[in-house]
Amino acid sequence: MSETAGEREPRDAQVIPISRAGSAYEPSFDFDLDPEDDRRLAEFFAFLRRRLTGEYEVDEFGFDAELTDKVLLELIRPLYRYWFRVETVGIKNVPGDTGALVVANHSGTIPVDALMLQVALHDDHPDRRALRLLGADLVYQLPLLGHLSRKTGHTLACRADADRLMRKGELVGVFPEGFKGVGKPFSERYKLQRFGRGGFVASAIRAGAPIVPCAIVGAEEIYPKIGDLRFLARTLGLPYLPVTPLFPWFGALGLIPLPSKWLIGFGEPIRTDEYDPSDADDPMLVFNLTDQVREVIQQLLNELRLQRGHAFPPFF
């Protein structure tokens with residue numbers, strides 16, 4: 001006879017043991033963590049401890065090498081690797097363990113090229129060289145920007161600092177075009193502006209340091225400058241206030257750089273150790289050497305533009 005729902009007799013509950021290899025199973029909560037993640041986490045806490053306890057080094061110029069590598073450069077590496085897709089050419093022309101002067105063209109409306117050059121020499125050079133850029137007075141008149149520049153190893157573009165850094169064996173970088181280069185209109189892209197009085201050449205001669213010509217292709221297209229709000233720029237104390245196809249029309253979105261393809265090339269070093277330090281005071285010698293460096297960079301720019309092709313592959 002079948003049982004109804006109310007007539008079922010209670011049955012003894014059966015406990016079925018779950019066993020593994022003949023023994024009672026004990027639950028385990030072990031996680032298979034990636035050893036690389038463990039290492040990075042340990043490095044992060046060690047870095048944090050050093051920052052909190054003050055156990056880190058800063059040189060006489062304020063350069064904090066650890067903060068620069070672990071934090072500041074880390075923030076801009078995605079731009080370098082994935083947005084601009086930077087490639088370097090001839091980077092072994094940059095000395096690995098001696099003082100040298102890297103002289104580069106300047107462009108881009110906003111000096112992003114300085115940051116990309118710094119990442120290139122730190123990450124792609126075999127000896128991971130720290131670039132000590134010489135900045136304009138305006139950089140150090142701005143409290144936050146000036147402080148960060150010191151922290152990342154840069155200093156004021158003056159003779160004393162340049163000479164001292166190169167004699168210490170540091171890699172010094174300079175953009176002789178200054179604001180004339182970075183703020184030039186898009187119609188004059190990749191045409192070098194005047195290199196000033198050649199003070200960088202005189203510093204290299206005094207230190208006996210080689211001059212490494214450097215050409216940066218790609219920065220010209222990130223903020224194509226088609227106009228200039230001069231009155232507002234003078235009011236704000238700025239050398240220029242650019243108008244681009246996206247700024248100021250799209251507000252903050254107009255500040256996003258266009259993803260142009262970049263090449264950074266380094267030419268063969270130009271020796272200065274064959275000169276006497278007193279030759280740095282010879283204006284004709286300094287002028288001729290300055291002109292030589294400028295011509296080499298312009299030629300390198302032309303070659304790299306042909307090598308790169310379109311600025312926005314595969315779209316254009």
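Colleague: How are α2 and α3 oriented to each other, roughly parallel or roughly perpendicular?

Modeller: In this predicted model, α2 and α3 are roughly perpendicular, a label for angles of 65 to 115 degrees. The angle between them is about 105° and their axes lie 10 Å apart, where axes are lines fitted to C-alpha atoms over the stretch in contact and angles run from 0 to 180 degrees between N-to-C directions. Helices here are DSSP runs of H or I with at least four residues, strands are runs of E with at least two, and both are numbered from the N terminus.

Colleague: Which residues of α2 and α3 meet there?

Modeller: Counting heavy atoms within 4.5 Å as contact, α2 contributes residues including D69, L73, I76 and R77, and among their partners in α3 are L115, M116, V119 and D123. The residues of this contact divide into eight nonpolar, three polar and five charged, with Ala, Val, Leu, Ile, Met, Phe, Trp, Tyr, Cys and Pro taken as nonpolar, Asp, Glu, Lys and Arg as charged, and the others, Gly among them, as polar.

Colleague: What does D69 form a salt bridge with?

Modeller: D69 pairs with R77, with the closest N and O atoms 2.8 Å apart, a salt bridge being a side-chain nitrogen of Lys or Arg within 4 Å of a carboxyl oxygen of Asp or Glu. R128 also forms a salt bridge with D69, at 4.0 Å between the closest N and O atoms, and that pair links helix α2 (residues 65-83) to the loop between α3 and β5, 59 residues apart. D69, E74, R77, R81, D123 and R128 are linked in a network of salt bridges.

Colleague: Is D69 buried or exposed?

Modeller: D69 is buried, because its relative accessible area is 17% and buried means under 20%, exposed over 50% and partly exposed in between, with a 1.4 Å probe and protein chains only. R128, at 44%, counts as partly exposed.

Colleague: Switching topic, what does K184 meet in a salt bridge?

Modeller: K184 meets E220, at 2.9 Å from N to O. K184 lies in the loop between α7 and α8 and E220 in the loop between β8 and β9, so the pair ties together parts 36 residues apart in sequence. K184 is buried at 6%, and E220 is buried at 5%.

Colleague: How should I read the numbering and the cut-offs?

Modeller: Residues are numbered from 1 along each chain as its sequence is written, and side-chain values use heavy atoms, leaving out hydrogens and water. Because the model is predicted, local features need pLDDT of at least 70 and side-chain atom pairs count only at pLDDT 80 or more, while totals for chains, interfaces and linings use all residues.

Definitions and conventions. Angles under 35 degrees count as roughly parallel, over 145 as roughly antiparallel, 65 to 115 as roughly perpendicular and the rest as oblique.
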